[in-house]
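Q: Hey, I'm new to this one. Can we put it on screen and talk it through?
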Amino acid sequence: MSSVNPAPYDAPETEAARPRDEWPLWEIFIRGQHGLNHRHVGSLHAADAEMAVKNARDVYTRRNEGVSIWAVEARHIAASSPSDKGPFYEPAQSKVYRHPTFFDIPDEAGHM
Amino acid sequence: MTPQDLFQYLLRLGDNTLVLGHRTSEWCGTGPVLEEDIALANTALDLIGQTQMWLGYAGEVESEGRSADDLAMLRDVWDFRNVLLVEQPNGDFGQTMMRQFLFDLWHDLMLANLQKSADPRIAEIAEKASKEVRYHLERSTDTVVGLGDGSPESHRRMQAALNLLWPYVGELFVPDDIDAAAVAAGIGPDPAGIGAQYRNLADEVMARATLAIPSDPFAHKGGKSGFRHTEHLGHMLTEMQWLQRAYPGATW
């Protein structure tokens with residue numbers, strides 16, 4: 001599949017040539033045709049925000065998936081740590097009274 | 001405009017998108033990064049889709065029962081009517097994107113004019129294609145500016161690409177009898193008229209990209225008339241057409 005006369009490839013002159021710098025990672029959120037919320041669809045690399053949106057268009061909306069794209073640089077996302085799982089989430093397991101299942105819904109309220 | 005002239009006019013439009021679409025598809029799986037690889041594949045598919053419309057209509061105008069596939073896969077190099085620019089080899093990624101930009105800019109202006117064509121079928125195809133091409137142009141402009149005004153290495157490569165490809169740009173704007181017939185019939189624009197607009201926009205982008213357009217006005221010609229293609233087109237066709245040549249009528 002190569003071209004007939006590709007341009008000469010300049011091999012790195014020294015071994016000091018560093019591994020190439022990667023573009024930053026971006027997390028991509030897309031709002032679908034009928035969806036109300038943007039949903040996380042995956043990630044990609046891009047040099048800046050504008051390029052991230054364009055790359056997202058090419059990588060994640062090829063099959064007519066979306067009508068709106070958000071790109072967020074991954075380093076700006078604050079995430080909970082897996083090691084906090086115990087103190088973060090387990091206390092909620094024993095608090096069934098936080099679920100709204102102890103109330104009788106009046107018939108007039110209809111389906112909720 | 002005679003049907004013969006209109007047929008030639010449509011071949012020019014369809015062969016440009018066919019040849020550039022195939023060239024661009026050569027990057028499939030070998031792009032520098034995943035995102036650019038898939039973007040190039042999307043561009044190639046857009047161009048091939050446009051080819052189906054242009055060559056499909058060309059076959060109807062010719063009225064000899066040839067389909068878009070027949071025209072794409074069973075003509076030899078001397079029957080192709082694409083400009084020389086689009087058959088030039090990919091080179092490195094920068095050279096590919098420079099070629100893409102130089103074509104996209106013309107393509108966008110051309111389609112804007114063709115949407116006003118007196119031929120409703122041409123106007124319709126142009127309208128559909130112009131949305132795709134507007135995006136191609138945005139993307140190739142960003143890349144030319146980004147790499148031109150990038151590192152010393154990327155700047156050097158982009159300037160080399162511009163120096164190599166600019167002499168193939170002039171052909172886009174040299175009118176001939178078929179163009180004149182299209183203008184007279186209200187079917188298409190005067191190529192020379194688009195030229196001035198093109199140059200202004202190209203100057204603007206190259207200034208942002210810190211690249212210098214060569215001052216020599218020399219232009220290679222012979223693609224859209226079919227008089228003399230560069231040696232690259234024949235090689236490309238042997239690869240593009242081999243399956244239909246080796247297994248005539250094969251389908252999947």
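Q: How many aromatic pairs are there over all chains?
A: The structure holds 5 of them over all chains. Rings of Phe, Tyr and Trp (its six-membered ring) pair if their centres lie within 6.5 Å; planes under 30 degrees apart count as stacked, over 60 as edge-to-face and the rest as tilted.

Q: Why is the pair of A:F88 and A:Y89 edge-to-face?
A: Their ring planes stand at 75°, with the centres 5.5 Å apart, so the pair is edge-to-face. By the way, this is a predicted model: local features need pLDDT of at least 70, side-chain atom pairs count only at pLDDT 80 or more, and totals for chains, interfaces and linings use all residues. Residues are numbered from 1 along each chain as its sequence is written, chains are lettered from A and ligands numbered from 1 in the order in which they are written, and side-chain values use heavy atoms, with hydrogens and water left out.

Q: And what about B:W242 and B:Y247?
A: Those rings have centres 6.3 Å apart and planes at 65°, so that pair is edge-to-face. B:W242 is partly exposed at 46% relative accessible area, and B:Y247 counts as exposed at 51%. The cut-offs: buried is under 20% relative accessible area, exposed is over 50%, partly exposed is in between (1.4 Å probe, protein chains only).

Q: New topic. Is A:D58 buried or exposed?
A: A:D58 is buried, with a relative accessible area of 1%. You'll find A:D58 in helix α1 of chain A, residues 49–60. Helices (H or I, at least four residues) and strands (E, at least two) are DSSP runs, numbered from the N terminus.

Q: What does A:D58 touch?
A: Leaving out residues up to four places away in sequence, A:D58 touches B:I38, B:A39, B:N42, B:Y135 and B:R139. Contact means heavy atoms within 4.5 Å.

Q: Which salt bridge does A:D58 make?
A: The side chain of A:D58 meets that of B:R139 in a salt bridge (2.7 Å, N to O). That term needs a side-chain nitrogen of Lys or Arg within 4 Å of a carboxyl oxygen of Asp or Glu.

Q: How many salt bridges does the rule find across the interface of chain A and chain B?
A: The rule finds 3 there.
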